[in-house]
Amino acid sequence: MARSRSQRLKKISQAKSINPTIIALLLALMAMSVAVIFATTYLQFGGGSLKPTLMQIFWYVVSFIAIAFVMQIDKKTFYRFVPVLYGFGIFLLILVLFFYDRQQYTLFGAKSWFTIGTLSFQPSEIMKFFYILMMSRLVSEYNQRTEALNYDALPVSKQLKWDFKFIGRMILWTAVPVVLILLQNDFGTTLVFMMIFSGMIFASGVNWRIILTIALIIGAIFAGLLFLVIYNRDLLYHLGFQDYQFARIDSWLAPFENTRRESYQLSQSIKAIGSGQWLGKGFGNFEVYVPVRESDMIFSTIGENFGFIGSSLLILLYFLLILTMIAIAYESYDSFY
């Protein structure tokens with residue numbers, strides 16, 4: 001009886017730990033995503049395929065099962081298991097270099113997709129989660145050691161030496177997935193990993209002098225690369241840059257300049273978003289053609305169907321979700337979480 005009561009109390013405690021604001025925001029975003037995917041893949045074609053909508057719902061169900069499972073794992077077990085997850089993610093990144101989807105490679109030039117039957121996925125998307133967990137573990141270890149060393153009482157020179165060693169460890173753990181993703185010709189995902197790395201450094205608590213220096217270096221590198229892209233691409237070609245990477249940057253700098261090739265999807269997406277004006281054209285009403293709209297350009301559906309007001313509402317929901325998550329993370333007083 002005592003054991004049963006203890007289990008009930010544990011479940012009650014876990015239920016109370018679930019933030020209702022996060023659940024409400026997630027449900028709102030989920031409902032919006034299902035509706036928008038349905039409009040894009042079914043209503044747009046006057047009765048297209050229901051598969052994308054059903055798959056979206058399926059993955060939400062899988063995700064909630066995963067959430068329920070993770071909530072049962074105590075921090076100590078989860079913490080120890082992180083390197084295994086990271087290693088599994090690296091294994092998938094290596095595997096996809098040999099068993100990538102040939103059709104996806106022909107269309108997009110990237111060896112980053114697995115296809116198993118009717119299911120397809122990018123290992124790099126899973127690796128983002130595992131990478132964040134690994135970085136969180138490194139940050140947690142760093143904070144534990146600095147607390148034991150009485151970091152704040154150390155001379156600045158020793159603080160900097162300790163912090164540079166920590167950053168070096170983070171770079172080593174980051175270099176492996178980044179190199180593997182670069183070998184897949186997925187430059188966009190590589191930039192996402194670099195942004196995650198920068199955010200982790202910023203949140204880790206290292207000396208502000210290092211953060212400022214890194215920010216200035218990154219800014220200078222970005223400005224230098226942008227200058228070379230515009231005025232001297234030959235040097236970047238010698239450094240290993242490829243045409244598809246330049247095409248991405250060109251589309252960003254001038255989305256309406258090369259609309260017959262690289263910028264076609266982007267320019268059409270911008271037109272679709274702008275055509276929605278304030279209130280949009282209504283649910284399922286499309287006038288601007290955007291190729292593969294249901295993928296990276298799904299926001300064009302929101303802009304065209306629901307206009308500026310609907311687009312702003314979506315951004316507001318994401319802002320509130322991120323703000324709530326950050327607040328909860330700080331309230332936990334745990335650097336790993």
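At 26% relative accessibility, Phe 121 counts as partly exposed, because that class lies between buried (under 20% relative accessible area) and exposed (over 50%), with a 1.4 Å probe and protein chains only. The model is predicted, so local features need pLDDT of at least 70 and side-chain atom pairs pLDDT 80 or more, while totals for chains, interfaces and linings use all residues. Residues are numbered from 1 along each chain as its sequence is written, and side-chain values use heavy atoms, leaving out hydrogens and water.

**Aromatic pairs**

- The structure holds 15 aromatic pairs, a pair being rings of Phe, Tyr or Trp (its six-membered ring) with centres within 6.5 Å, called stacked under 30 degrees between planes, edge-to-face over 60 and tilted for the rest.
- One of them is edge-to-face and joins Phe 78 to Phe 336, at 6.2 Å centre to centre and 75 degrees between the planes.
- This pair links distant parts of the chain, 258 residues apart, with Phe 78 in helix H4 (residues 75-96) and Phe 336 in the segment after helix H13 (299-331), where helices are DSSP runs of H or I, at least four residues, numbered from the N terminus.
- Both Phe 78 and Phe 336 are buried.
- Phe 121 forms a tilted pair with Phe 114, at 5.6 Å and 45 degrees, and Phe 114 is buried at 9% relative accessible area.

**Around Ile 18**

- Ile 18 lies in the loop between helix H1 (2-17) and H2, and at 38% relative accessibility Ile 18 is partly exposed.

How values were computed:
Helix = DSSP H or I, 4+ residues; strand = E, 2+ residues; numbered from the N terminus.
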